Structures are given as structure tokens and as C-alpha cells.
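Reader: I would like to see how the labels in this description follow from their criteria. Please take them one at a time.

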Amino acid sequence: MTPVRKTRTTRRTMTAGRAGRAGRAGRAGLTGLLGAALALTLAAPARAGATPTAPTASTTASGPATAATTGPAAPASAPGWRLTPTGTDVRFRGLAAVDHRTAWAAGSRGTVLRTTDAGRSWRDVSPPGGEGLELRDVEALDARRAVVLAIGEGEASRLLRTEDGGATWTEAFRNTDPRAFYDCVTFLDRRHGLALSDPVDGRFRILSTRDGGRTWEVLPDSGMPAALPGEAGFAASGQCLVTADRGHGGDVWFATGGGATARVFHSADRGRTWTVTDSPVPGGDPARGVFGLAFRDREHGIAVGGDYRAGQPSPAAAAVTADGGRDWTPAGTPPPAYRSGVAWLPHSRTAALAVGPTGTDLTRDGGRTWRTVDTGSYDTVDCAPDGGCWASGEKGRIARLARR
């Protein structure tokens, strides 16, 4: 189902919840590990309805796997998104890329999958007894340690942690305030992390950990600007609350929608105090706003969003900042439709990918112009420092960006 904003019950319980870096001159605009093969592939228009190739059958820990739905297969040698066999039909809105071989995905029905062989097989490492949880975000501290976020009103919002690759899980936090609804979680480094709740008493609520997610506490809201009427976060891609490169200070950002304007909040002190700026991504409706953020450093960021409703126009679905979010500029050529996830390509200062239900778009100029390069449906995208990029979404779809 498509993401829906929360109107107390309906807007909170359906599928969205509340709700690189520079190429050399003369080259295709992408450098580093992904190299010329990725540049050539993403520069070529995708065939209607196609994701570059279908995976071969494999077996997961939960039994024989079936490939996620795909369009007509391209030649096996063509680089691009390669669907991997997940063996499930749940929707994966939470995704964490550790490297080109290892990734975590979190989704509906309390499902958590983990791969360590570049997606050839996925192990079901779901928390026991969590079938009723709606998991919308996963943050991997490394190949064995991860934190997942379950969303929902009151006690449905929870944080669970594993230290052994998902063999065992510990509930680290359970929300007991019926007014709170948590949307996203992020980590600044391996010890410090934050989680975002929709407004309580007129201000967004921030949860903080200083021990790698073992314990959490609600931060005082005295440094948080007031929320607008109807304003909230979107739990659509695990990217409504983000940091820049881990280990580089206390900068963190979160995005909103549903209010009169879609806004971006910024903290430079690990969530204690915040500033807020209007974005040019349209708001003014519960279905519209900024759904995903990505910062390659503390200055350069991209915001994507729009109107999640199928068939509704999203005329300004992306914006960029070069000053840490103090000012935002609309993309000159934005993605053609709503986009919920975005990620900078490793080892490039100018290239990024944005994904949504109707396709994947590429920018080579830091988010100013975008071009659709694939029409497969994805909700979120994440790239690891070694160049491994992954995308996930509906019907069990998880894809790896393959070079050959």
C-alpha cells in the first residue's frame, strides 16, 4: 500500500506510519568503486517496467526463496539494480548497507533479513514474537550489531537491538506515552544515536542513546522549535532523521510534512537544540512533505518527497542545500514523481540516487537535476562506504547495485 499520513488512527497505522562524490572532467560523472560501468548503466534510460535483471533462485534460512517481482530481464552482464531472492512478500522500508556483501532490511510483520553474501541468500533473523510489529527503520552499527525501530501509537513504538547478527534480540525501549509515535532512528557513531517522535505537546520528541542503543532517554524539548499544526514525520523510508558521515560531530537533521510548509530541522549538538528552515518541497496537505534526507557532509544535503498518493503530481520533489540546511533551493529538474528515499553515491561529491514507487532517479550535479534511470518500485536506498548500494520496497523487493 502507499504511505499514508497519520490522522490519529488511520494516518498512524497504515503502511507509511507518520508516515560518490565528484566525477572528474571528461568522465561520465561517477568515480570510485562503482566506476564507469555504473555511469554507463544509469545514464541509459530503463525500459518501461523493467529492473535490469532478475535474480537466480536461492535458499534462505526460512526455506526456498522466490525472486521478488521484476520486469523483463536485461542481459546478465548489464550493471544496475539486481533484484535478490528474499523469499517473502513483506514491504521493506528499513534498510542498512554495511558493505557490498552485507546488508540488513526491516519490514512489515516484524520481519528482519540479513545477507552476508551480496544478496545471493537472505537469512530471516526476525525478533521472536514480533509478527505484529511494523518495522520501518534499521541502523546497522556493523555486520553483527543493529537496532530496529517498530512504529505505532503508544507501546507499538519500540527499539530492539542485536549484537549477534540477529540470533538474539533485546528490547531496548518501549514507548509508554500514548501521545508519542516514533518515525525514524539514526546513529551519529557507534555509541550515540537518536530517534524521532511526532510532536507531543506541540514539539517533536527526541530519544537519545549514548551506549550504542542499549538504553534510551527522552531529551528535554526546551531547545526544540514549536511544531506547525498537523506537522509530523513520515515513517516511509527510514530517512526522516539522518546524520552525515558517522563520527564527524553532532550534526543531525530531520524532515517533516503535513503542515503548511514542509520543513527541515537541524541540530549541531546531538539533538539538544534545534533550528528549523522551510523547504521548497510542497506541504500544506497530510500527504505532502519531505520524506527523505541525505547529507554527504555537514554542509551538502538533498531532500526528496512530494505527494505519496498515486497519480497526484509532485512538481518539486527535490531540493538541495550547501550550508547545512539553513537555506534550501528547489531542484531545477526534479524527479518526475514522489520519491521517499535518497542516498549519495560513495566516492562522489555530485552523484546521488533517489527512489520511489515509480522509479529510480540519478543526479550527477549534486541534486540540481535528476534523470529517471529505472522504473522499478523501491521505498528506500542506502550505500556503504565501500561502494555497496542497496534498495528495498514492496513485495519483498531488495536489490543490489551490481557492476556486472
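Author: Two strands pair if DSSP finds at least two bridges between them. In this predicted model, β9 and strand β10 (residues 158-162) have five bridges and run in the antiparallel sense, so by the two-bridge criterion they count as paired.

Reader: What makes β8 and β9 a pair?

Author: Strand β8 (residues 134-140) and β9 share six bridges, in the antiparallel sense. The criterion asks for at least two, so they pair. A hairpin of five residues joins β8 to β9.

Reader: Why is strand β9 called largely enclosed?

Author: Buried means under 20% relative accessible area. Six of the six residues of β9 (residues 146-151) are buried, so the strand is largely enclosed by the rest of the structure. A146, V148 and A150 point one way, V147, L149 and I151 the other way, and all are buried.

Reader: How many aromatic pairs does a search of the whole structure find?

Author: The search finds 13. In one of them, the rings of W81 and Y378 have centres 5.8 Å apart and planes at 45°.

Reader: Why is the pair of W81 and Y378 called tilted?

Author: Centres must lie within 6.5 Å, and planes under 30 degrees apart are stacked, over 60 edge-to-face, the rest tilted. At 5.8 Å and 45°, the pair is therefore tilted. W81 is in strand β3 (residues 80-83) and Y378 in the loop between β27 (371-374) and β28 (380-383), 297 residues apart. Both W81 and Y378 are buried.

Reader: What makes W122 and W390 edge-to-face?

Author: The angle between their planes is 80°, with 5.7 Å centre to centre; an angle over 60 degrees counts as edge-to-face. W122 lies in the loop between β6 (112-115) and β7 (123-124) and W390 in strand β29 (residues 389-392), so the pair ties together parts 268 residues apart in sequence.

Reader: How do you know that W122 and W390 are buried?

Author: The cut-off is under 20%. W122 has 1% relative accessibility, so W122 counts as buried. W390 has 0%, so W390 counts as buried too.

Reader: Where does the charged end of R296 sit?

Author: The charged end of R296 sits over the ring of W344, 5.4 Å from its centre. R397 lies over the face of Y378, at 4.6 Å from the ring centre.

How values were computed: Residues are numbered from 1 along each chain as its sequence is written. This is a predicted model: local features need pLDDT of at least 70, side-chain atom pairs count only at pLDDT 80 or more; totals for chains, interfaces and linings use all residues. Side-chain values use heavy atoms; hydrogens and water are left out. Buried means under 20% relative accessible area, exposed over 50%, partly exposed in between (1.4 Å probe, protein chains only). Helices (H or I, at least four residues) and strands (E, at least two) are DSSP runs, numbered from the N terminus. Rings of Phe, Tyr and Trp (its six-membered ring) pair if their centres lie within 6.5 Å; planes under 30 degrees apart count as stacked, over 60 as edge-to-face and the rest as tilted. A charge sits over a ring if NZ of Lys or CZ of Arg is within 6 Å of the ring centre and within 35 degrees of the ring normal.
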